[in-house]
Amino acid sequence: MQIEDFTVQAVARLDKLVAETVPTISRSQAKNAIEAGQITVDGQPARPKDKPAVGAQIHIELPDPQPLDLTPENIPLDIVYEDDDVIVVNKPQGMVVHPAPGHPNHTLVNALLYHSPLSSINGTLRPGIVHRIDKDTSGLLMVAKNDHAHHSLSEQLQAKTNLREYVAIVHGNFKEEEGVIRAPLGRSPKDRKKQAVVADGRPAVTHFRVLERYGTYTLIACRLETGRTHQIRVHMAYINHPVAGDPLYGPKKTLKGEGQFLHARELGFVQPTTGEQLDFTAPVPAHFAAVVKKLRREAGLPVDKAI
């Protein structure tokens, strides 16, 4: 049983307060726990949207994670780094990170369980998963092999000390060389399958800079300050530069591929036990590189320069 108690210091939604105060609990987990009666305010049941007053006492009692009910699968992995605490994987485009409705198996988690024990903090379906990238986004992902590592990596995400940089091909040409998008994200009120910029959403910050210009497309780097669902995809669409190939937030007329041209290229964090700073880079997939070469050729730019 995980038991936590804290006093409200500033007024906010209860699910948000819990997620921001307890690093091991995400906002969605907080919402589910509140609805299950596992989180109370001054000893009374509450709703996720309730805003407890300053000084209110929040009590959390979360049951221990259930035994894993996942099948380890012998699926090849591109492991960039591994030690006793952490695995860094270069996830291919098209692979789902963890089981979910419609994807009960053949996920990254199934493959990881065949390779190694994972932390139990995220319960039955997401063991070891500290952060996620979308099915059709490729690139680097850090995975916790034990609960100590999971706590440490989650705290680093909470403190925004991790390095998470992506490269993307987006529509249009930028006036600026770099910029920062600060726009809160939440579920779209028009389409429950989408995220959107909404006034009462969770804070979301994306830093971007232009790498190359191709006229109708631009190659950019995006550094995440926060890590909301579909953050880069929604933020880029919000400023009218949707990610090329994005089937959810982009136009139908786009670059041909198997989903969005978005790759998690750089990842950095502090090793949970030794305190050593670890930094990793993964090259873009072959299909991504081929499209960049084509765009460079059409724009009269050097073709073989590293991305």
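Student: In which strand does Gly-186 lie?
Tutor: This is a predicted model, in which local features need pLDDT of at least 70 and side-chain atom pairs count only at pLDDT 80 or more, while totals for chains, interfaces and linings use all residues. Residues are numbered from 1 along each chain as its sequence is written, and side-chain values use heavy atoms, with hydrogens and water left out. Helices (H or I, at least four residues) and strands (E, at least two) are DSSP runs, numbered from the N terminus. The run that covers residues 185-187 and holds Gly-186 is β9.

Student: Is Gly-186 buried or exposed?
Tutor: Buried means under 20% relative accessible area, exposed over 50%, and partly exposed in between, with a 1.4 Å probe and protein chains only. Gly-186 has a relative accessible area of 13%, so Gly-186 is buried.

Student: Which residues does Gly-186 touch, not counting residues up to four places away in sequence?
Tutor: A contact means heavy atoms within 4.5 Å. With residues up to four places away not counted, Gly-186 touches Lys-194, Gln-195, Ala-196, Val-198 and Gly-201.

Student: How many helices and strands does the protein have, and what is its radius of gyration?
Tutor: The secondary structure comes to six helices and 14 strands. The radius of gyration is taken over C-alpha atoms, and the globule rule is 2.2 Å times the number of residues to the power 0.38. For 307 residues, a compact globule would have a value near 19 Å, which agrees with that of the protein, 20 Å.

Student: What share of contacts between residues at least 6 apart in sequence joins residues at least 24 apart?
Tutor: Of the 307 residues, 48% count as buried. Among contacts between residues at least 6 apart in sequence, those that join residues at least 24 apart make up 64%.

Student: Where is His-106, a residue with positive phi that is not a glycine?
Tutor: The phi of His-106 is about 60°. His-106 counts as exposed because its relative accessibility is 55%. Its place is in the loop between β5 and α3.

Student: What is the relative accessible area of Lys-160?
Tutor: Lys-160 is found in the loop between α4 (147-159) and β7. Lys-160 is not a glycine, yet has a positive phi of about 60°. Lys-160 is partly exposed, with a relative accessible area of 46%.
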